[in-house]
Amino acid sequence: MLVFNFDRRLAVVTGASRGIGKAIASALLESNANVIGTYASDEVAAKQCRVELAPFGERFLLIKNDVSRREDVIRIFDHARERFGQSIQMLVNNAGVLKQGDFLELTDTDWDQAFDVNMKGPFMLSQELLRSRRQVNAGPASIVNISSVGGQTGGNKAPDYAATKAALISLTRSLARIGAQCLVRSNAVAPGWIQTDIFSAEQLESLQSEARKVIPLERMGQPAEVAMAVLFLLSDASSYITGHCINVNGGMYFG
């Protein structure tokens with residue numbers, strides 16, 4: 001049953017081979033969108049994703065792509081024209097890197113990688129989207145950036161990640177002002193603790209126990225719950241919403 005109907009509009013979802021990104025791509029396909037997904041390096045996850053989303057046939061394309069490289073970003077727009085004969089109308093900047101550790105052991109390389117993927121990628125993709133919409137004098141489009149509760153509260157275990165996610169909320173608001181000139185809305189979603197396969201079974205057990213103590217709804221969230229917030233912001237149901245950040249965190253942060 002369709003919650004939304006995107007009428008074969010074309011979406012790009014970065015980091016789509018697993019976790020939240022795969023849930024977003026799947027929800028978009030179920031809601032009648034065409035989807036280009038990207039992944040960076042995990043061939044096992046990419047193969048599984050292609051198998052799971054194979055029923056959607058030619059409407060789904062998953063490509064290996066480094067969103068921190070301008071030439072790779074431009075290649076996504078080439079795929080849109082060549083495979084679908086469409087311009088991109090929906091962009092979900094979900095790809096991200098997260099490495100937890102001691103702040104005093106954080107290297108320059110770790111810091112640069114976090115900002116290259118988590119911030120430079122969304123910057124370049126959003127810039128190219130705005131350029132493409134202006135060139136063809138196209139209609140409305142929507143950007144959704146996946147931030148994090150860590151970007152709202154700070155993070156002692158991954159301060160580089162938290163810094164990128166805070167910056168991403170700021171970029172979202174800037175893009176809302178800039179994009180309004182060509183009918184491009186920009187919003188963000190900030191997930192809290194979401195149950196995905198990036199956690200080991202042992203980590204999940206610990207997090208689920210902790211969630212019952214620190215989260216008002218007393219549980220971790222599911223990727224599909226994040227996906228539904230993203231689809232709302234991409235859809236015409238949110239046509240008068242831009243520059244906003246929706247929290248999907250079970251009440252652990254209200255700001």
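Me: Which helix gives the most to the lining of the largest cavity?
Reply: In this predicted model, that is helix α4, spanning residues 108–135, which contributes three residues to the lining.

Me: Which residues line the largest cavity?
Reply: The lining consists of Val-97, Leu-98, Lys-99, Asp-110, Gln-113, Ala-114 and Asp-160. By class, three of these are nonpolar, one is polar and three are charged.

Me: How much space lies in the largest cavity?
Reply: The largest cavity holds about 50 Å³.

Me: And how many cavities of 30 Å³ or more are there?
Reply: The count is one.

Me: Turning to the cores, how many residues has the largest nonpolar core, and which have the most contacts inside it?
Reply: The largest nonpolar core comprises 35 residues, and Ile-24, Leu-28, Val-189 and Val-230 have the most contacts within it.

Me: What does Val-230 touch, leaving aside residues up to four places away in sequence?
Reply: With those set aside, Val-230 is in contact with Ile-24, Val-92, Val-144, Ile-146 and Val-189.

Me: What other core lies apart from the largest one?
Reply: A separate core of 27 residues is present, including Ile-88, Leu-91, Val-117 and Cys-182.

Me: Is Cys-182 buried or exposed?
Reply: Cys-182 counts as buried because its relative accessible area is 10%, under the 20% limit.

Me: Then Cys-245: buried or exposed?
Reply: Cys-245 is likewise buried, with a relative accessible area of 14%.

Me: How many disulfides does a search of the whole structure find?
Reply: The search finds zero disulfides.

Methods:
Residues are numbered from 1 along each chain as its sequence is written. This is a predicted model: local features need pLDDT of at least 70, side-chain atom pairs count only at pLDDT 80 or more; totals for chains, interfaces and linings use all residues. Side-chain values use heavy atoms; hydrogens and water are left out. On a 1 Å grid over the protein atoms alone, a cavity is a set of points where a 1.4 Å probe fits but cannot get out, and a pocket is an open set with protein on both sides within 12 Å along at least five of seven lines; lining residues have an atom within 4 Å of a point. Grid points are joined across faces, edges and corners, and a volume is the space filled by probe spheres set on the points. Helices (H or I, at least four residues) and strands (E, at least two) are DSSP runs, numbered from the N terminus. Ala, Val, Leu, Ile, Met, Phe, Trp, Tyr, Cys and Pro count as nonpolar, Asp, Glu, Lys and Arg as charged, and the others, Gly among them, as polar. A disulfide is a pair of cysteine sulfur atoms within 2.5 Å. Buried means under 20% relative accessible area, exposed over 50%, partly exposed in between (1.4 Å probe, protein chains only). A nonpolar core is a set of buried Ala, Val, Leu, Ile, Met, Phe, Trp, Tyr and Cys residues joined through side-chain atoms within 4.5 Å. Contact means heavy atoms within 4.5 Å.
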